[in-house]
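Here is a friendly walk through the model shown below. Keep the viewer open as you read.

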Amino acid sequence: VSESVVARSPVVPAPPTTVVSGWEVSARRSAAPLRLSDWTPLAKVLLHGPVRGEIERRLAVPHRRSGRAGAGRLVVGAEPGTWLVLAAPGTAAAVAGWLGSVGAAAGEFHRVVDVTHGRALFRLTGQDSAAMLAKVCAVDLADEVTPNGAGFGSSMARVTTGVVRDDVADEPSYLLHCDRSYGRYLFECLLDAGAEFAIDVDGFTVLDGFIVSDG
Amino acid sequence: MSTQRWRLPPRPGEVIDRSAPIRFTWRGRPYSGYAGDTIASALAASGVRMFSRSLKYHRPRGLLTASYHDPGVLVQVGPEPNVRGGHRLAEDGMDVRPQNVWPNLRFDVKAANRLVGRFLSPGFYYKTFMRPRRLWPAYEHVLQRFAPGGSVPDAPPPAYYDKRYAHPDVVVAGGGPAGMAAAVAAAQAGARVLLVEEEHALGGHLRWGGDADRGALANLVAAVGATDGIEVLTDSVVTGRYDGNWLAILERSRRTGPGPTATGDSGAGSLPAERLIKARAGTLVVAAGLIERPYVFAGNDLPGVLLSTGARRLLNLYAVRPGERAVVLTANADGDAAAADLAAAGVEVARVLDARRGHGLVRARGRNRVQAVDCSDGRTVECDLLVTATGWTAPTSLLNMAGDRPVFDPRANRFFADLERLGPDVLVAGGLAGDGTVAELVEHARAVGREAARRVAEARRRRSTSDATVPPPPDGAPEPVPALGRDEHPPMFTAATHGMVDFAEDVSSKDLVSAVAEGYDSAELAKRYTTATMGPTQGKLELVNTVAVLAAATDRSIAVTGTTTWRPPYAPVTLGALAGRRFEPVRHSPLQPWHEAHGARPLVAGTWIRPDHYGDPVSEVRTVRERVGLIDVTPIGKLDLYGPDVPKLLNLVYTNKWSRLEIGRVRYGVMCAEDGVVLDDGVTGRLGEHRYLMSTTSSGAETVEEWLQNWLQLEHTDWQVAVTPVTTAYASMNLAGPHAREVLRRVVDDVDLDPEAFPYLRVRTGSVAGVAGCVLWRIGFTGELSYELHVPAGFGLAVWEALLAAGRDFGIGVFGVEAQRILRLEKGHLIVGQDTDGLTTAASLGMDWVVKLDKDDFAGKPELAWRQQHDGQLRLVALQPVDGSLTPPEASQILEGHSIVGRVTSSRWSPTLGRSIGLALVAPHLATPGTEVTVHLPDGRDVPAVVQPAHAHVDPEGVRLRE
């Protein structure tokens, strides 16, 4: 990709903006107790393989759970026989290569698809996260039901959404990803639902768990 | 400004804040009160005694219960009708008005109904307005003027209505002493508890009790506050219980006024006005308490007749003196306490009639307020206040919804829950279970709370045993719940005179007796005939009295007569709360910001928002035909297919052959369901050895994916095929027109665009405008030389702008969906769903080349093979009206004599041909080119049209798109 070409999320970034790994992102910083940020630039790669096969054993992440792999990759057991890997922006090719090698080593039929551009991804962080999500999502978000590391699919404001509980520094945090075309709608719904909790838009911050490989 | 001359000096348990005065208007005049006052208490403090007129006879009505259920204080607050004035807190600036009176509350013309009351018998409406039927419109017009209730605002309320989901282990319905104790015990046992209280504060009857009650209240409230795991909702009510302990909980007015906006940039931190909570509870503890029941006697609805709990609320919560001289009819300790409270507050208690000692009353006298009471011993006592304490209604509504049927105890003279009928997920505490001291009720409730928590934990433990072959662990021992007693109570339902039974519906005991005389002698029939229990109070005050009157009139016991059925909702729910936030998902292309900035007129296409046009679709058509145009086609469905068995799958789902599709080639296909009906169509290209990209119609993407998965997961589990939806992974755009290749050449380096290297129906991958990973198709929905470009979505806008810049000197323009529809119709390309319907098979399309019956098998083949032998289906043909200036609307019928033999499926005026064109489904005998058919226009005219030799009206040889 030419350096002059900038990738954009479905959500218009809140000013000020900057460019991270070729993506236009918001550089806004918020210290609000409940924060919503657009993490669409993260690399997102799907791996399809057999249910309960060698690939699953090698990834060691069952359905409805998530776990960190090397290089800050978050592996999510998205569906039976399907894993979604989230990683730092610009690393989709590397992640795809890694997943391809996992599949090849397992000797099982598999398919790796880069869906970075096909999914919108948001991070919701704060003590009130679960209470806010309860306004748009019917799943029980109590710690004993969906603890840190849980991953599941649900309707969220009537949009099919993947949810990953990924707490940050002891604060409840959820990664929410949906079909990119619904991204703008879902982002607005989340802001609307969060208004009573004084939600604020936070910019894109790459955390330790999602290392930017290209600096 | 009225003075609060009926306000008492500060009381120990008052809930008003005397440091926060408020001002509001009643009937347009200024009134004052304090924060914490209800509308009713604030007005009562200023001496207001009449608040409304009754439904039918427009009799004057005052306070009865001074609570949410008070039928006499339904008022209009600003634009909001039917506000419960006995519950809604008064606010500064409120505009409060009486409802359904004219010209005013004091002098109401409709009170003339009282004069003709003897003609307004039960069933009056059924008997009077049914015949002659032709007069019903006139009846309706008049009756509407007598309809009760306030004025519905023209505009939607600005309030923010909301919903949320909850998954508590235990829901406790009722925040009185039993409810609080149960909640604390359940939470201490490890359960997550939702404690729901209808009043504005926890406490139940302890709130308006004496020193001992207030002490117990303080201890219980402190325990609730100190216990982790309890969420308390006040001013909220469990309105319904459904299967699986699915509970509807209405969280009421937490804040009025506009809520947050969709963008969240205003109103941040504000709370919704009302919220419907959908709770899935492990265990429901019903601790709804008891509701005091009125006594039936002549004049019992006069302003100045109060229930003992109503009097004590006014005295002890709001420091309002309800009268100057009182008579108290008491049959229980609460009546005794009310008499004592009245005396202590300086009200002259002229006489206490103790029903336990054989005392009684006959009637209350007065015109617009109580002036005297005739006692059963013949004495008449002058007074302005009559307080009655004659027993209780058990609000078993939630229990009934859980399958329970209340049981009448003739000794206690009230209904109780039938605990034996309740399932394991519903428990009962407090007055619904029995009687006792506060300490006894609390002890019982604690045990119930612990048992509720134990049952939840047990259920969770059983669920966590994932191995079905292992028997679940045995249940733990149930918590021992002490039994509650039942206090004896005199049978106090009606006096010797007739009086009002249903205050909200204006149904008297005399009406019920008349109904029985007419044969409506069961509770359910009499209810529907007289409307007793069908008003805003929904039986909470009047059900037991209704049953008692019916029992007496039919010479049966109350137990045998039984009750009517309690159904959800327990309390009224606003339409706003039911609706909640409006979640209507919409989908946007990555190019949407550009469309909005350039004046695109939006088209709602399913969930997609697409540019219909940019001002002049005809001009957009000409741009494509004469120069070059660019359209956003992102919604086209796209599926990534991968695996060695993809050709098998394609052969199965498409009607044509796919075994020999070479890498780099694209083929059009039609997909049918098993009945041969067209499911979808599109092109599929082979990008690599095992990699294919399938396109579908915009609306068919999900259906096709499910269709493919259905075959793979259920029928051919051994096939190695992976299907991944990638519709919005790409921004899709179509560059079409004679100069398309020249424009594209300026932004593509690594793909040879020469016609020989990249001919029609081929696919390539490469870079466009510096963006790698793009897919380029040479296909032509518009009938022009065109390239469909699928670009990684995040870069879509960049590529779109690059193409427009590259094409500027060729006169490039953008075009929308409307221009595309015209262009494709000129070319004769069908749209599945528009030119087909639920009966259109592939054999009807007039595209026999795409149906290969010599294939081994494909979905729909048997049906299509049969069709070949028994051809009677409509055929899709191109049609041109003889008069080219006429464009028959789509769906216009095609007639043969008086028979309908087809319809126009698509029609437009063609800018290219300067005439109208169309596609139509016609009977097979009319499908021959050159046949003249008759099109019936909506205005009644019949016009001739001619079937064309091919679907394409423009360039039928396909020269332009193959250039």
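## Salt bridges overall

Over all chains, a search of the whole structure finds 70 salt bridges, where a salt bridge is a side-chain nitrogen of Lys or Arg within 4 Å of a carboxyl oxygen of Asp or Glu. Side chains of opposite charge can pair when their charged atoms come close.

This is a predicted model, in which local features need pLDDT of at least 70 and side-chain atom pairs count only at pLDDT 80 or more, while totals for chains, interfaces and linings use all residues. Residues are numbered from 1 along each chain as its sequence is written, chains are lettered from A and ligands numbered from 1 in the order in which they are written, and side-chain values use heavy atoms, with hydrogens and water left out.

## Where chain A meets chain B

In the contact between the two chains, 41 residues of chain A touch 54 residues of chain B (contact means heavy atoms within 4.5 Å). The size of an interface is often given as the accessible area lost when the parts come together. Here the buried area is about 3,900 Å², with carbon and sulfur atoms giving 57% of it; this is the accessible area (1.4 Å probe) that two parts lose on being put together, summed over both.

Eight salt bridges are counted between chain A and chain B. The rule also finds 21 residue pairs in polar contact across this interface, both residues at pLDDT 80 or more. A polar contact is a pair of N or O atoms within 3.5 Å; within protein, one must be able to donate a hydrogen and the other to accept it, and residues adjacent in sequence count only if both atoms are side-chain atoms. On the chain A side, strand S4 (43-48), strand S8 (111-114) and helix H4 (183-194) each supply at least two residues that touch chain B. H4(A) gives the most, with seven residues. Helices (H or I, at least four residues) and strands (E, at least two) are DSSP runs, numbered from the N terminus.

## Two partners for B:Asp640

Which residue of chain A forms a salt bridge with B:Asp640? The partner is A:Arg111, with the closest N and O atoms 2.8 Å apart. B:Asp640 also meets B:Arg691 in a salt bridge (3.8 Å, N to O).

B:Asp640 is buried at 5% relative accessible area, whereas B:Arg691 is partly exposed at 26% (buried means under 20%, exposed over 50%, partly exposed in between, with a 1.4 Å probe and protein chains only).

## Pairs within one chain

In chain A, A:Glu54 and A:Arg57 form a salt bridge, their closest N and O atoms being 2.7 Å apart. The two are three residues apart in helix H1 (residues 54-59), so about one helical turn separates them. A:Arg57 is exposed, at 57% relative accessibility.

In chain B, B:Arg275 and B:Asp162 pair at 3.1 Å, N to O.

## A covered helix

Helix H20 (residues 796-806) of chain B is mostly covered, with eight of its eleven residues buried. Among them are B:Leu797, B:Val799 and B:Trp800.
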